[in-house]
Amino acid sequence: MADKNIINLVVGPIATNCWIYPLDDGTAAIIDPGDEAEEIIAALKNHKLPNGQQLTPKYILLTHGHFDHICAVPQLAAAFPGIIQIAIHSKDSAYLGPDAYNVHKNSIKSAMGNSSFLDMFWADMPPADILLEEGSSVGPFTVIHLPGHTQGSIAFWDKENGMLFTGDTLFARGIGRTDLPGGDENKIFESLRRLFAMEPNIVVYPGHGRTTTIGQEKR
């Protein structure tokens, strides 16, 4: 399995995996920039290409809309204006854009009992540039819609290299919670059955925790 020189940054108070995936054209996809935009930008600058240039981000790819996976989006969008495209599933698109604060407020209140955490980190969210659906292609990835953790939870599948970015649907020895707004226990089990029907040697890059494989989690 090629690892494509993927950069893994563990960011924010909930230890979210932010993955920086170098693309063949010298750009990069940033998957789930959950916090610490400065660290993400520094990692891009420090990753030198063979021609000596730094990585330029082309996409921000969001596995779902929860705040711990998108907190750094405003700062990254401002740092790379007109360059970076933000992509999310259409059913989670309300987590971005001008009305996003209230959506996040309700979600964080359900998780923590109040929304004070949100106000410590909040910056207005830009809207999505790309709305994804089941089977959409973005960069080297095919989108797999995996509702359950949220309505618009997805995985980004690099079929050629056997790599799957699962967000909070599947972890090493765990799955995402379903008790927040938009969560559905029955749907996440359907999504897991779909994942476990895939090739067992596919490497899973989750939203939290270490990497694993489909085969290990199926067992």
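The legends below describe several close-up views of one predicted model.

The model is predicted, and local features are given only where pLDDT is at least 70, side-chain atom pairs only at pLDDT 80 or more, whereas totals for chains, interfaces and linings use all residues. Residues are numbered from 1 along each chain as its sequence is written, and side-chain values use heavy atoms, with hydrogens and water left out.

**View 1. Helix α1 and its buried face.** Helices (DSSP runs of H or I, at least four residues) and strands (DSSP runs of E, at least two) are numbered from the N terminus. In α1 (37–46), the residues A37, I40, I41, A43 and L44 are buried, where buried means under 20% relative accessible area, exposed over 50% and partly exposed in between, with a 1.4 Å probe and protein chains only. Seen down the axis of α1, these buried residues fall within an arc of 155°, so they line one face of the helix; the arc is that of the directions from the helix axis to the C-beta atoms. The face turned away from this buried side carries the exposed residues E38 and N46. The cover over the buried residues of α1 includes β1 (7–11), β2 (16–22), β3, β4 (56–61) and α3 (73–79), contact being taken as heavy atoms within 4.5 Å.

View 2. E36, which is not a glycine, has a positive phi near 55° and lies in the loop between β3 (27–31) and α1. With a relative accessible area of 28%, E36 is partly exposed. R173 is likewise not a glycine and has a positive phi of about 65°; R173 is placed in the loop between β11 (170–171) and β12 (174–175). Its relative accessible area is 60%, so R173 is exposed.

View 3. Within α6, I188, S191, L192 and L195 are buried. These residues cover an arc of only 100° around the axis, which puts them on the same side of α6, while N186 and R193 are exposed on the other side. The buried residues of α6 pack against β10 (163–167), β11, β12 and α7 (214–218). At the start of the helix, a side-chain oxygen of D184 reaches to within 3.0 Å of the backbone nitrogen of N186.

View 4. H69 is found in α2 and is buried, with a relative accessible area of 0%. The side chain of H69 makes a polar contact of 2.9 Å with the side chain of D32, and another polar contact, of 3.1 Å, joins the side chains of H69 and D168. A polar contact is a pair of N or O atoms within 3.5 Å; within protein, one must be able to donate a hydrogen and the other to accept it, and residues adjacent in sequence count only if both atoms are side-chain atoms. Leaving aside neighbours within four places in sequence, the residues in contact with H69 are T16, D32, P33, G34, L62, T63, H64, D168, G207 and H208.

View 5. On a 1 Å grid over the protein atoms alone, a cavity is a set of points where a 1.4 Å probe fits but cannot get out, a pocket is an open set with protein on both sides within 12 Å along at least five of seven lines, and lining residues have an atom within 4 Å of a point. Grid points are joined across faces, edges and corners, and a volume is the space filled by probe spheres set on the points. The structure holds one cavity of 30 Å³ or more, and the largest cavity has a volume of about 50 Å³. Its lining consists of V11, G12, P13, I14, T16, G34, D35, F67, D68, C71, F117 and F121, with α2 (67–70) and α5 (116–121) each supplying at least two residues. The largest pocket has a volume of about 320 Å³ and is lined by 18 residues, of which I14, H66, D68, R177 and L180 lie nearest its centre. The elements that give two or more residues to the lining of this pocket are α2 and α4 (100–112), and α4 gives the most, with five residues.
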